[in-house]
Amino acid sequence: MKINLSNIVACAAVALLASCSHEVSHTTGWEYNLSDNGGFEKFVGEYIQETGPGLVFIEGGTFTMGRVEQDVLYDWNNMPRRVSVSSFYMDETEVSNLDYREYLYWISRVFSEYPEVYKKNLPDTLVWRRKLAYNEPYVEYYFRHPAYQDYPVVGVNWLQANDYCAWRTDRVNERILINQGFLLEDPNQQGSQNFNTEAYLAHQYEGAVGSEIEDLDPNKDYRKVRMEDGILLPKYRLPTEAEWEFAALSIVGTSVGERVYERKIYPWAGDGFRNPSSSDRGRIMANAVRGRGDMMGVAGALNDNADITAPVFSYWPNDYGLYCMAGNVNEWVADVYRTMSPKDVDEFRPFRGNVFKTLVRDEEGNVAEKDSLGRLRYREVSEDEVVDRRNYQGADNINFLDGDFESSLDYSNEDASKARGSQRMYFNGVDRKDNNATSLVSDHVRVYKGGSWRDRIYWLGAGTRRFLDENLSQDDLGFRCAMTRVGDSKGN
């Protein structure tokens, strides 16, 4: 069966236009969506982005990002500054054990010939172990027992969280194409033949293809879905630090017009830790440590009713409808950690961590073959390729003028060239050529936020920030996904 997409799109607007007449280009006078004119296609009607599974729309805007209360550690790493965040989407809850087990099941089924892929993505259940505590039941039961299936997944490092986001993108887009008839159900896909959104768009997916679209190019007959058709959703990804903090504060609940009348500390209004409403007055707003050794209160009157984590829909959502943006588990964000990020990042969509990449191509300029897992291959953009591009001289904006060896103004170009490619950032100052770093901060250290069941209340403030190597994981650290909003900033 072949489908004429232009008819689907155009005729969807019949009630408004009363006909499927062709629109004329105001620059050339040629009609769009007409094979006789060469077949250039224009999306007809108003594009409205669908909200992906599990997501909540976050209307962006300007806000004061950073410290709200006293910097008790005197890190000076979250100084307040005014920034703007574009509208985006955020997961309503943290990714749960059930969500992550679905991911692992898919991997074990599709990559049965590559067991190392499954092992690589397993959460580290040993994060529960403590030398002087009996936590072995959590090691054994927390991730897989149904009693904990709705609890947030922990023991997942930053790299694993990103892989989960990529997998989720492909599964959601695959389901969209199946529902619209462009793909067939294919539970038997194996290895590199699994559906991958980027490979599909690059015409490198030859799986269970269903209906195709009538191509208006007079030299072609049919084609697959393209990005220009507006059918596929943008990628699931980790939120940036700015997006995460903006979503947590949810100033839509404390603003009138353009006047924000209360600077929040936590995702809820006020500066207290208990619910002020008449119906739930005095109840704890999130699970955290109230004092030394007090993880949940006194028997018969448990305050947060959670000795460790709690189900992801626990407590009260903030004004964006997001659950557990404070407490429960800390959450990975996309950014590389730098102490001085608040001083260096852009005022619009601030983010530190760009690594610009480009698709690997063959000698004829075509996109190279997929890897063994069905993904397109990328390489980092070289310095020679960006020499004439003013907007990203200095390439990745990770090391750029931020105290590390390579870009430091205190070191000669000769010294910097010798250190190129190293992971060093801060040095002991005794010998510039000394290879022994004195800081845990590198290009592989990522920010996490939100506070957890194991933290004091201070860390539940949206402006607080900490860091951890991207290869490490903890029993109080999870994540949630985000998605870019394309087009206008208003919700549906």
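**Cavity lining and salt bridges**

Let me begin with the largest cavity, which is lined by Met65, Arg81, Glu241, Asp335, Val336, Ser341, Val345, Pro350, Phe351, Arg352 and Arg465. Please keep in mind that this is a predicted model. The volume of the largest cavity is about 60 Å³, and its lining residues divide into five nonpolar, one polar and five charged. In the whole model the count is four cavities of 30 Å³ or more.

Let me turn to the salt bridges, of which the count comes to 24. Glu59 pairs with Lys490, with 3.8 Å between the closest N and O atoms. Because Glu59 sits in the loop between strands E2 and E3, and Lys490 in the segment after strand E19, this pair ties together parts that are 431 residues apart in sequence. Glu59 is partly exposed, at 30% relative accessible area, and Lys490 is exposed, at 55%.

A second salt bridge joins Asp319 and Lys264, at 3.2 Å from N to O, and this pair links parts of the chain 55 residues apart. Here Asp319 is partly exposed at 46% relative accessibility, whereas Lys264, at 3%, counts as buried.

Arg466 belongs to strand E17 and Asp455 to the loop between strands E16 and E17, so the pair connects parts 11 residues apart in sequence. Arg466 is buried at 17% relative accessible area, and Asp455 is buried at 8%.

Finally, a network of salt bridges links Glu41, Arg223, Arg226 and Asp229.

Note on methods:
Residues are numbered from 1 along each chain as its sequence is written. This is a predicted model: local features need pLDDT of at least 70, side-chain atom pairs count only at pLDDT 80 or more; totals for chains, interfaces and linings use all residues. Side-chain values use heavy atoms; hydrogens and water are left out. On a 1 Å grid over the protein atoms alone, a cavity is a set of points where a 1.4 Å probe fits but cannot get out, and a pocket is an open set with protein on both sides within 12 Å along at least five of seven lines; lining residues have an atom within 4 Å of a point. Grid points are joined across faces, edges and corners, and a volume is the space filled by probe spheres set on the points. Ala, Val, Leu, Ile, Met, Phe, Trp, Tyr, Cys and Pro count as nonpolar, Asp, Glu, Lys and Arg as charged, and the others, Gly among them, as polar. A salt bridge is a side-chain nitrogen of Lys or Arg within 4 Å of a carboxyl oxygen of Asp or Glu. Helices (H or I, at least four residues) and strands (E, at least two) are DSSP runs, numbered from the N terminus. Buried means under 20% relative accessible area, exposed over 50%, partly exposed in between (1.4 Å probe, protein chains only).
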